[in-house]
Amino acid sequence: MRFLLEYKNFKTKQTSNPTLEVLEVFLNQHLIGTFHGDAFECIYIHFVSKIPSTKKTLKLRLLYGSMAEMEIVQEFKNDQKLNLEDFTASLLAIEKTIHKAEEINVKKECYYDKERLLSQYEQLKIHAPSSQEELSEYKANLEFTKKCNYAKRIDCIMEQDKLTKRPLDKLIEGFTVNDPYDLFNNLSYRYSELFSNLLRSAGVYLPSYSHIHIHIAGSLLEAKQELALEPWYKMTYGSIDLDRFNKATDTKQEKMLLQSISEGLLLLAEIDHLDRDKIKSVISQVEKNGLNQELTYFQRENKRYKAEVVYHIPKDHVTKTAFHLRVTDLQTNQVAEIFIDNLLTFYAGASLYKIAIKKDEIVISGRSGYRAELMRKSDKLPDKYHFFLEELFS
């Protein structure tokens, strides 16, 4: 169970409280890694003091469908400085909130394991700081403990996902290597492009989400400091020795990053029960062929012809790459190939969206819509590309 504590002094309007900040971290250190039922993912407590006489009721409700939100009245000896008396009183008040959460209406199929939470709460009180010196020492390591708590929260979520097998109903649309600190230069872009294409081509399906983001850092603890904020994507995690990576050759860097990506993908495959064989096959293909392999952007075929648009990933996201049309005559096995255009992979869909095989020609058309039209116009690109079959095979 995760605890989120906030404070408001109605008289002074103060909303920060250093004692509650430490208490929140202490509670989560001992409770965040344990599942206490699916009724609540969080108990969200507003400690309020100096409340006005006009305030007749205290908040008690289900927030966002997963948070037990409540207000409790608590007066503090000093709400501007960390002190043991306020810490101890606030810790004791937590028991009341655990009971109050039971009064919130939740869906009938959900349950709240109050007894288990109360039992663990009694145990954690044994480890609470018992002197001002101990409390100050605990605060000195607060930032590191926060990181550990966040990683524990992610581990708990992943464990629950692992226990709940969901139907694989969405073909993967994209794979992204998160690189907010530019640790991997252009490798993050190139591997994102490569795995997006190959996982989609391999027919890897996901449960309810359509994108995978992998967060890689110097350690799994550092990597597990980010959760998916929207339901359309899911995070997975990997680690890499950054000192070794920075000193390595380009070839070695590619292998090191690929190893981290592989670990993250296989971790997610285990958690969400993805097709592990398909994912391992894609990883093996990348290990064998590297980054400079030909990819199929899309393809279509009829009884007579197979048409494919193929390309290679450029060195970075601001460099255009050549897209080619390859046509195979399925009756004669004759193959013809022709240059289409140089395009940025991020925006290729504005020009390469649909492919139609007609009686005497193949037509590739761009995406409709104002933005796509504007992008084509800015780069002086046509709305459609026409390729006559007689000319292709002559």
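Student: Where is the place of Asn178?
Tutor: Asn178 is in strand S6. Helices (H or I, at least four residues) and strands (E, at least two) are DSSP runs, numbered from the N terminus. Keep in mind that this is a predicted model: local features need pLDDT of at least 70, side-chain atom pairs count only at pLDDT 80 or more, and totals for chains, interfaces and linings use all residues. Residues are numbered from 1 along each chain as its sequence is written, and side-chain values use heavy atoms, with hydrogens and water left out.

Student: Does Asn178 count as buried or exposed?
Tutor: Asn178 counts as buried because its relative accessibility is 13%. Buried means under 20% relative accessible area, exposed means over 50%, and partly exposed is in between (1.4 Å probe, protein chains only).

Student: Which residues does Asn178 touch?
Tutor: Leaving out residues up to four places away in sequence, Asn178 touches His213, Ile214, His215, Ile216, Glu226 and Met235. Touching, or contact, means heavy atoms within 4.5 Å.

Student: What joins the side chains of Asn178 and Glu226?
Tutor: A polar contact of 3.5 Å joins them. A polar contact is a pair of N or O atoms within 3.5 Å; within protein, one must be able to donate a hydrogen and the other to accept it, and residues adjacent in sequence count only if both atoms are side-chain atoms.

Student: Back to S6. In what order do the three strands of the open sheet come?
Tutor: The order is S6-S8-S9, and the pairing is parallel. Two strands pair if DSSP finds at least two bridges between them. The edge strands are S6 (174–178) and S9 (233–239), each pairing on one side only. From one strand to the next, the twist averages 20°.

Student: How many bridges join S8 to S9?
Tutor: Seven bridges join S9 to strand S8, which covers residues 211–217. As one example, His211 has Tyr233 in S9 as its bridge partner.

Student: And which strands does helix H9 lie across?
Tutor: Helix H9 (residues 250–272) lies across S6, S8 and S9, and runs at about 130° to S9. Axes are lines fitted to C-alpha atoms, for helices over the stretch in contact, and angles run from 0 to 180 degrees between N-to-C directions.

Student: New topic. How many aromatic pairs does a search of the whole structure find?
Tutor: The search finds 16. Rings of Phe, Tyr and Trp (its six-membered ring) pair if their centres lie within 6.5 Å; planes under 30 degrees apart count as stacked, over 60 as edge-to-face and the rest as tilted. One of them is Phe26 with Tyr138, which is edge-to-face because the planes are at 75°, with the ring centres 5.8 Å apart.

Student: Where in the chain are Phe26 and Tyr138?
Tutor: Phe26 is in helix H1 (residues 18–31) and Tyr138 is in helix H4 (residues 132–140), so to speak distant parts of the chain, 112 residues apart. Phe26 counts as buried at 2% relative accessibility, and Tyr138 counts as buried at 15%.

Student: What kind of aromatic pair do Phe47 and Phe76 form?
Tutor: That pair is edge-to-face, with 6.3 Å centre to centre and 70° between the planes. Phe47 lies in strand S2 (residues 42–49) and Phe76 in the loop between strand S4 (67–73) and helix H2 (84–100), so the pair ties together parts 29 residues apart in sequence. Phe47 counts as buried at 0% relative accessibility, and Phe76 counts as buried at 11%.

Student: Which residues form one aromatic cluster?
Tutor: Tyr297, Phe298, Tyr311 and Phe323 do.

Student: Now strand S11. Why is S11 largely enclosed by the rest of the structure?
Tutor: Because six of the seven residues of S11 (residues 305–311) are buried.

Student: How many bridges join S10 to S11?
Tutor: Six bridges join S11 to strand S10 (residues 295–301), and the two run antiparallel. S10 and S11 form a hairpin with three residues between them. Gln299 stands opposite Glu308 in S11. S11 is also joined by six bridges to strand S12 (residues 321–329), again antiparallel.

Student: Last one. Which side chain does Glu222 make a polar contact with?
Tutor: The side chain of Lys147, at 2.9 Å. Glu222 is in helix H7 (residues 220–223) and counts as partly exposed at 33% relative accessibility.
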